[in-house]
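Reader: I'm new to this one. Could you walk me through it?

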Number of protein chains: 2
Amino acid sequence: MISTAYLNGQFLPLSEARISPMDRGFLLADGIYEMIPVYAGRPFRWPSQLARLKRSMAAIDLKQPMHDDELLNLIKQLTERAYKTDLLIYLQITRGTEPSRNHYYQADTQPTVFAYTTDLPSYTLPLKVITTPDMRWQRCDIKSISLLPNALARHQAYLQGATEALLVRDGYVNEGSSSNIFIVKQEMIITPAKSPAILAGLSRELVLELAQIHQLPYQERPITESELYTADEVWITSVGRKVQPITAVNGKLIKQGNIGPIWQQMMKLYDKAIEDHRHGRK
Amino acid sequence: MISTAYLNGQFLPLSEARISPMDRGFLLADGIYEMIPVYAGRPFRWPSQLARLKRSMAAIDLKQPMHDDELLNLIKQLTERAYKTDLLIYLQITRGTEPSRNHYYQADTQPTVFAYTTDLPSYTLPLKVITTPDMRWQRCDIKSISLLPNALARHQAYLQGATEALLVRDGYVNEGSSSNIFIVKQEMIITPAKSPAILAGLSRELVLELAQIHQLPYQERPITESELYTADEVWITSVGRKVQPITAVNGKLIKQGNIGPIWQQMMKLYDKAIEDHRHGRK
């Protein structure tokens with residue numbers, strides 16, 4: 001797929017988009033982003049996504065560069081230009097470009113808005129993960145582009161042929177480098193509660209919603225690394241991955257490498273939610 | 001001063017430099033940087049600077065894009081193009097641009113090398129600072145561009161009319177957002193020891209070297225926040241700031257707001273080291 005990009009008011013091929021290296025996003029990682037799944041030409045769970053985007057911007061005192069309806073319109077326009085109905089849109093907003101590099105910023109600096117379209121990713125089961133120390137800062141709940149620790153962790157997984165790195169701090173698995181973690185134990189679906197240590201994704205939110213609606217028992221509480229190995233099921237979630245079953249952690253098989261029944265049930269519910277969105281229901 | 005920039009093999013005005021927003025420096029803060037002071041047309045303490053640059057690159061598995069002598073030549077060429085003999089050069093190296101955004105990277109991706117010239121900063125004494133929680137990741141010893149927490153801390157200081165934010169974790173002052181911290185107590189010069197919690201700057205190294213050569217007593221050990229208020233002197237150091245005396249912390253005067261004698265002595269030694277460099281001594 002040829003990517004269509006948007007940069008500060010202009011639509012253009014992604015390969016032609018250019019920014020100044022003085023952009024605070026490039027110099028200081030001073031920005032936030034969202035990954036927006038689009039199905040049937042409309043963004044999935046847009047109100048939640050917009051709320052999180054606004055929350056991230058507020059958390060770093062970044063002024064909202066476009067009105068809510070302009071943002072939605074941007075997504076629609078990018079989708080039209082991609083000639084696809086199902087895709088992902090990457091949206092990044094940075095503090096913008098200033099003439100000189102300072103850690104502090106000026107109130108009137110115009111934010112940079114960058115977005116582009118890309119394919120929904122595909123994955124081949126089974127999927128394995130590794131664990132690695134969580135080296136990140138103390139505000140992982142902000143979806144910022146200050147992602148070097150995430151990138152380094154994920155690269156370790158990549159080198160080991162694993163799909164994701166689970167980040168462990170003080171013995172607890174907080175989440176993956178770009179996904180949330182779930183385990184199932186005796187039919188109880190478990191995921192860490194929201195806190196500054198995790199970035200609560202849209203797919204995490206949807207899974208909990210679906211569990212509630214369909215009366216699947218779930219619990220938000222810390223997960224220890226050792227619990228992974230004795231879990232009946234391990235999942236990771238993200239808008240690109242949806243809900244993925246993990247069959248091995250650090251080379252150790254989970255439940256003899258079998259994909260579990262609760263995951264199968266949840267995946268059906270998740271896909272049903274997407275189908276409902278396609279048909280304008282809910 | 002008109003800034004001359006260098007970007008991937010080309011010299012051009014800073015205002016004309018452009019990169020792809022798909023650069024991993026912009027998307028993922030996947031890069032490192034150095035701030036290189038130049039006096040009399042030659043980089044100050046280059047061997048130390050080069051060693052730190054190489055250390056940062058190795059720490060994030062970033063391949064060195066230019067040979068050591070090419071880097072030195074780049075600094076010389078930028079200096080010549082700036083028509084100044086005393087200046088600062090900002091150098092940033094990122095993992096480079098890949099066609100799609102992934103946390104993991106490809107081994108053959110060509111790093112982006114960006115550099116530009118700028119004036120040595122000037123400051124007006126007296127200087128005050130604030131303290132703020134140290135929210136950063138666990139590898140602050142890597143001079144990475146993943147600087148959002150530093151930028152947010154420094155901006156808090158800026159809003160309060162302070163020159164720097166000192167970062168406090170577990171009651172200890174690790175350093176400033178872009179400087180190292182020193183205190184003087186009963187003629188003892190004290191600064192935190194090297195660790196993953198601090199970025200040991202070139203000016204910190206020089207101050208300790210000068211203390212040793214001139215037999216000024218010094219100690220590398222943790223500094224508690226409360227020690228700041230009872231210190232005889234508080235300094236911050238960076239290559240741009242050199243050694244700066246701080247007269248107030250969070251609005252509380254240090255030693256009744258008087259600038260101390262050890263600072264005056266150290267500042268003379270520091271300036272003497274620069275003079276020696278100018279004359280090719282040392």
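This is a predicted model: local features need pLDDT of at least 70, side-chain atom pairs count only at pLDDT 80 or more; totals for chains, interfaces and linings use all residues.

Reader: Is Asp134(A) buried or exposed?
Author: Buried means under 20% relative accessible area, exposed over 50%, and partly exposed in between (1.4 Å probe, protein chains only). Asp134(A) has 1% relative accessibility, so it counts as buried.

Reader: Which residue of chain B is in contact with Asp134(A)?
Author: Contact here means heavy atoms within 4.5 Å. Leaving aside neighbours within four places in sequence, Asp134(A) is in contact with Leu167(A), Val168(A), Arg169(A) and Asn174(A), and from chain B with Gln138(B).

Reader: What is the relative accessible area of Gly96(A)?
Author: Gly96(A) is in the loop between strand E5 (87-94) and strand E6 (112-118) of chain A. Beyond its neighbours within four places in sequence, its contacts include Met22(A), Asp23(A), Arg24(A) and Thr109(A). Gly96(A) is buried, and its relative accessible area is 0%.

Reader: How far apart in space are Gly96(A) and Gly161(A)?
Author: Along the sequence, 65 residues separate Gly96(A) and Gly161(A). In space, C-alpha to C-alpha, the distance is 37 Å.

Reader: Which residues touch the most other members of the largest nonpolar core?
Author: A nonpolar core is a set of buried Ala, Val, Leu, Ile, Met, Phe, Trp, Tyr and Cys residues joined through side-chain atoms within 4.5 Å. The largest has 38 residues, and those touching the most other members are Phe114(A), Tyr90(B) and Phe114(B).

Reader: Which residues of chain A does Phe114(B) touch?
Author: Not counting residues up to four places away in sequence, Phe114(B) touches several in its own chain, including Tyr90(B) and Leu91(B). From chain A, the list is Pro21(A), Met22(A), Phe26(A) and Leu27(A).

Reader: What is the radius of gyration of chain A?
Author: It's taken over C-alpha atoms, and the globule rule is 2.2 Å times the number of residues to the power 0.38. With 282 residues, a compact globule would come out near 19 Å. Chain A agrees, at 19 Å.

Reader: What ground rules apply?
Author: Residues are numbered from 1 along each chain as its sequence is written, while chains are lettered from A and ligands numbered from 1 in the order in which they are written. Local features need pLDDT of at least 70, side-chain atom pairs count only at pLDDT 80 or more, totals for chains, interfaces and linings use all residues, and side-chain values use heavy atoms, leaving out hydrogens and water.

Key
Helices (H or I, at least four residues) and strands (E, at least two) are DSSP runs, numbered from the N terminus.
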